[in-house]
Amino acid sequence: MARHVCLSPLRLAHLFREQMGVNLLRWREDQRVGVSPSDFRRRNQDAHDNLAAQTA
């Protein structure tokens, strides 16, 4: 996937986590097993809240 978008695997993983709030491999696995969009949004919000709490 990284090669397809002309990025290193590490850079892709970093940007994906920064933008989506979830690890790329976890997201891919969740997509495979059919995690619902509401579950994904909740996880994304949880990750955002955790990050905000750490930086406060």
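I looked up F16 first: at 15% relative accessibility, F16 counts as buried (buried is under 20% relative accessible area, exposed over 50%, partly exposed in between, with a 1.4 Å probe and protein chains only). I note that this is a predicted model, where local features need pLDDT of at least 70, side-chain atom pairs count only at pLDDT 80 or more, and totals for chains, interfaces and linings use all residues. Residues are numbered from 1 along each chain as its sequence is written, and side-chain values use heavy atoms, leaving out hydrogens and water.

Next I checked for aromatic pairs (ring centres of Phe, Tyr and Trp, the last by its six-membered ring, within 6.5 Å; planes under 30 degrees apart are stacked, over 60 edge-to-face, the rest tilted). I found one aromatic pair. The ring centres of F16 and W27 lie 5.4 Å apart with planes at 55°, so I call the pair tilted. F16 sits in helix 1 and W27 in helix 2 (residues 24-33), 11 residues apart (helices are DSSP runs of H or I, at least four residues, and strands are E runs of at least two, numbered from the N terminus). W27 is partly exposed, at 25% relative accessible area.

Then I asked: which residues make up the largest nonpolar core? The six are A2, L12, F16, V22, L24 and F40 (a core joins buried Ala, Val, Leu, Ile, Met, Phe, Trp, Tyr and Cys through side-chain atoms within 4.5 Å).

Last, I looked at C6, in the segment before helix 1. C6 has a positive phi, near 60°, though it is not a glycine. C6 is exposed, with 70% relative accessible area.
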